[in-house]
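The sequence and the structure are shown first.

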Amino acid sequence: MDPQTLKTSLGSGLLSFPVTPFGVNGAFNRPVYEDHVGWLAGYPAATLFAAGGTGEFFSLKPSEIPEIVQAAKSSAGDVPIVSGCGYGTEIAVDIAQAAEKAGADGILLIPHYLIDAPQDGLYAHVKKVCKS
């Protein structure tokens with residue numbers, strides 16, 4: 001999805017942040033998630049956020065994010081999927097690239113956690129992740 005189309009979608013209606021379910025073993029519960037995303041997409045939501053918008057981003061290993069994005073994409077029909085993305089710059093770059101390969105239409109770049117970064121540093125972080 002091109003950035004202008006995603007921008008229009010983000011401003012056109014309900015944004016939904018489905019919770020990522022985990023099984024008793026702590027692993028991603030894909031069938032439950034796919035059912036939930038499919039249900040949400042039927043209302044219709046303007047955009048759905050996968051892997052991060054409700055706080056579980058920091059409970060996930062970066063390697064788990066692509067599967068969650070793929071599950072969301074397979075269940076959401078035409079509803080755009082925005083993936084959680086964050087941590088330090090290099091990890092965020094890896095997550096952004098993996099989310100893109102998994103089919104994400106965009107990323108929700110979650111700010112650094114509990115650190116104070118100067119504006120120049122934040123700008124450099126966002127720029128590097130987005131250019132990747």
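## Strand pairing

In this predicted model, strand 1 and strand 2 (residues 47-50) run parallel and are joined by two bridges. Within this pairing, S16 has L48 of strand 2 as its bridge partner.

The two strands belong to an open sheet of four strands in the order 1-2-3-4, paired in parallel. Strand 1 (15-16) and strand 4 (106-109) are the edge strands, and each has a single partner strand, so one side of each lacks a neighbour in the sheet.

## Helices across the sheet

Helix 1 (residues 3-10) lies across strand 1, strand 2, strand 3 (81-85) and strand 4. The direction of helix 1 is at about 100° to strand 2.

Helix 2 (residues 30-41) lies across strand 1 and strand 2. Helix 2 runs at about 160° to strand 2.

T47 is located in strand 2. Is this residue, T47, buried or exposed? Its relative accessible area is 0%, and T47 counts as buried because this value lies under the 20% cut-off.

The side chain of T47 makes a polar contact of 3.0 Å with the side chain of S9. Leaving aside residues up to four places away in sequence, T47 touches S9, L10, L14, L15, S16, V79, P80 and V82. S9 and L10, which T47 touches, fall within the residue range of helix 1 (residues 3-10).

Conventions: Residues numbered from 1 in each chain as written. Predicted model: local features only at pLDDT ≥ 70, side-chain atom pairs only at ≥ 80, totals over all residues. Heavy atoms only, no water. Pairing = 2+ DSSP bridges. Contact = heavy atoms within 4.5 Å. Axes fitted to C-alpha atoms, helices over the stretch in contact; angles between N-to-C directions. Buried < 20%, exposed > 50% of the residue type's maximum accessible area, 1.4 Å probe, protein only. Polar contact = N/O pair within 3.5 Å; in protein donor to acceptor, adjacent residues only side chain to side chain.
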